[in-house]
Amino acid sequence: MATFLYRLGSWAFRWRRRVTLLWVAVLAAVGLAALNAAEASGDGSGLPGIESQKAFDLINERFPGAEAEGANARIVFVAPDGQKITAAQNRAAVERLVTVVTDGPQVADVVNPFDGVGVSEDASTAYATVTYDVRGDDVSDAAKELVSEAVEEAREAGLTVEAGGGAIAEEPPAGIGEILGMGVAAVVLLVTFGSLAAAGVPLMTAVVGVGVSLASLIALSSAFGLTNNELSMMIGIAVGIDYALFVVSRYRQERAEGHDPREAAALAVGTAGAAVVFAGLTVFIALAGLSVVGVPELTKMGLSAAGTVAVSVLVSLTLVPALLGFWPNAVLPRRDRRPDGRFPRSGSRLRKGPVRNVEDANEPPGPGPVRRARRAGRPTGGDRSWGTRWGRFVLRRPVPVLLASVACLGALAVPALDLRLGTPGDEAKPTSSTERRAYDALAHGFGPGFNGPLTVVVDATRADDPQAAVTTVSKEIAVTKGVVSVSPARFNKTGDTAVLQATPSTAPTSKETKDLVHAIRDARPDFESATGATFEVTGATALNIDVADKMMSALVPYLLIVVGLAFLLLTIVFRSLLVPLKAALGFLLSVLASFGLLVTVFQNGHGAGLLGIDQTGPILSEIPIFLVGIVFGLAMDYQVFLVSRMREAHVHGATPGEAVIAGFRHSGRVVVAAGLIMIAVFAGFLTAGDSLTKMVGFGLATAVLFDAFVVRMAFVPAVLVLLGRSAWWLPRLLARLLPRVDVEGEALSRRPPTSPTAVEDADPDSVRA
């Protein structure tokens with residue numbers, strides 16, 4: 001592996017113009033394909049395996065044309081205090097709005113609240129239902145504008161009027177997450193490297209990688225139904241910058257060891273690039289593993305993001321060394337350049353500027369004892385970096401560091417015991433939105449359960465008297481505790497299937513409503529034996545409950561598959577059993593702590609106001625499995641990057657303690673920078689207008705924070721120090737069976753040094769910067 005990547009890095013450096021032009025051509029080609037691609041349609045694959053989906057399928061089968069029904073909107077009217085909506089003046093204003101909307105574009109029907117049951121018992125609230133002849137995404141701006149104008153006119157008559165429903169829902173204002181993340185990343189890179197060129201290379205390559213990935217996804221969107229690329233962009237920016245960051249950092253270290261530019265680039269790709277490959281593989285496995293959940297939309301999102309990670313790895317292994325070829329010296333710290341801006345060739349350690357280590361200045365050319373000691377992790381007397389100091393601190397006090405990290409994460413994880421899953425709707429939107437105000441008005445006027453009725457589909461094909469069977473089911477559901485009312489049954493043309501709606505007494509996302517759904521379903525065998533008919537419960541509320549249950553039931557199998565494959569991969573990389581086990585335990589600590597903070601803020605409401613969250617509720621059903629997959633992959637990134645340097649020092653003869661110090665000295669600062677960049681990218685999505693995107697960004701940002709700064713910087717080194725040499729133990733039989741991938745680049749240390757003159761003579765694109 002290391003030898004192959006070494007050759008790849010050397011080839012990319014040598015043929016940098018061709019490599020760069022190749023990536024530009026790929027970007028242009030997929031961009032052109034994206035511009036000419038047909039627009040993707042919404043995901044119509046449904047959610048197989050859950051009762052709600054089966055009920056929807058039954059409705060579409062027994063009620064032809066039901067699937068083609070258009071989008072709906074609901075306009076809510078509230079009379080002024082002390083008045084009734086049925087008063088002549090208020091009624092006239094409502095009917096005037098109904099008349100205007102009825103004549104609007106794309107409107108199929110408008111149900112007047114005074115023609116049915118659209119008025120609350122106290123006559124303070126009423127609602128009109130608008131049905132369009134197109135799907136929600138196809139409702140035109142003109143149709144939405146007409147409703148807005150009619151609502152404003154009714155408000156001028158003294159009524160409180162709000163509008164909700166998917167047909168007229170506005171997209172939440174876009175945040176500045178990507179821009180903010182890239183901005184913070186630029187600052188972190190500049191501070192870390194102290195060079196505009198070094199900071200610019202990861203940013204440039206990340207933009208290319210994300211551009212190629214997103215354009216490819218858009219080009220394929222129509223064929224595969226890819227409608228949500230937000231995750232791919234988020235992951236692409238984060239890993240694209242981080243992977244390039246590690247390669248550039250290793251290049252600078254190799255140049256500091258005296259290697260010429262091309263050799264340093266080849267060594268960087270051969271060592272750090274190997275870590276990038278295996279880190280990318282763990283992220284790829286975690287994201288592609290989302291397909292085991294059985295939710296088509298999650299499968300598409302996971303595979304799309306996994307493809308983006310693969311592109312980021314290819315960019316880091318080829319385009320990064322190519323760009324280093326254009327600026328071989330400009331990416332170095334200013335203090336490491338000669339006054340003429342050029343770095344000395346290998347074989348010459350004489351500098352006209354300040355030197356960081358006296359040993360470096362006095363040591364003869366070549367891999368002398370000081371550089372061999374530094375590579376092995378042994379102290380040289382000139383190491384004063386914070387990474388070295390922190391490594392020595394952990395080496396002296398491993399038990400307190402370990403206990404403090406576990407106690408901190410454990411305390412933050414406690415609220416996760418109260419985790420409730422669901423799918424927040426309009427109730428989770430800010431109170432400034434008309435959808436949220438319409439939701440609150442309906443809940444106040446008709447009861448909290450009015451916003452989430454249960455749809456019951458009665459299949460009476462095997463009943464002797466279908467109508468009598470449906471009547472029996474309707475009456476029994478009506479007297480079930482927690483049900484306020486049941487609508488009249490609506491039969492299909494053959495009279496053997498009926499649909500009715502049951503209104504709960506509690507809110508759609510409450511635990512009581514979930515218990516009610518399960519209670520109605522549990523009574524089904526009794527109904528079936530008594531009447532010969534069966535039924536299924538569906539609707540938005542039941543669907544959300546089923547999705548939450550499906551996600552929770554899939555979480556353990558998903559964890560076993562993903563963690564198992566990654567454990568095998570890390571065992572191959574580190575040739576150890578305890579190191580991968582420690583990595584998995586550390587990941588569990590960080591992800592549980594993140595769950596705890598999510599519950600604290602988004603479910604219990606502590607600190608929610610600081611994030612602009614007006615209403616708390618259950619955690620989005622997809623969040624746990626989503627967070628587990630993404631965070632596991634990213635956590636293994638830091639595991640590979642940090643521990644691979646420790647493994648490299650151990651292979652070169654360092655003691656366990658010296659290996660820990662070497663890992664922190666070489667990779668500690670870079671891991672911190674990478675963690676800060678990822679946190680910035682994910683935290684940028686807290687600027688989004690909807691709480692769901694904020695929830696995803698918050699969960700990922702906190703999980704990376706805990707993993708990068710608590711687990712990898714405290715828990716991992718403390719455990720390695722306590723384990724000592726046993727941390728790298730591997731049974732002999734397993735050692736013979738596992739392939740050797742040489743992620744630490746041991747084979748490269750046995751290569752004869754390359755002549756810098758020969759390298760430059762053979763370099764067709766040789767430049768000095």
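## The sheet

In what order do the 4 strands of the open sheet come? In this predicted model, the order is 2-3-1-4, and the pairing is antiparallel. Strand 2 (107-111) and strand 4 (160-164) sit at the edges with a single partner strand each, so one side of each has no neighbour in the sheet. On average, neighbouring strands are turned by 20° against each other, ignoring direction.

Zooming in on one pair, strand 1 (residues 72-78) and strand 3 (residues 125-132) run antiparallel and share 7 bridges.

Helix 5 (residues 141-156) lies across strand 1, strand 3 and strand 4, and runs at about 160° to strand 4. Helix 15 (residues 434-446) also packs on the sheet, where it touches strand 1, strand 3 and strand 4. The direction of helix 15 makes about 110° with that of strand 4.

## A leucine patch

Over on the surface, Leu581, Leu585, Leu588 and Leu592 make up a nonpolar patch, with about 320 Å² of accessible area together. Leucine 585 belongs to helix 20 (residues 578-603). With a relative accessible area of 44%, leucine 585 counts as partly exposed.

## Around alanine 683

Alanine 683 is part of helix 22 (residues 656-683). Its relative accessible area is 24%, so alanine 683 is partly exposed. Leaving out residues up to four places away in sequence, alanine 683 touches Gly697 and Ala701.

Terms used. Residues are numbered from 1 along each chain as its sequence is written. This is a predicted model: local features need pLDDT of at least 70, side-chain atom pairs count only at pLDDT 80 or more; totals for chains, interfaces and linings use all residues. Side-chain values use heavy atoms; hydrogens and water are left out. Patches are made of residues with over 30% relative accessible area and no salt bridge: like charges are joined within 9 Å, nonpolar side chains (Val, Leu, Ile, Met, Phe, Trp, Tyr) within 5 Å. Accessible areas come from the Shrake-Rupley method with a 1.4 Å probe; for residues, only the protein chains shown count as cover. A salt bridge is a side-chain nitrogen of Lys or Arg within 4 Å of a carboxyl oxygen of Asp or Glu. Helices (H or I, at least four residues) and strands (E, at least two) are DSSP runs, numbered from the N terminus. Buried means under 20% relative accessible area, exposed over 50%, partly exposed in between (1.4 Å probe, protein chains only). Contact means heavy atoms within 4.5 Å. Two strands pair if DSSP finds at least two bridges between them. Axes are lines fitted to C-alpha atoms, for helices over the stretch in contact, and angles run from 0 to 180 degrees between N-to-C directions.
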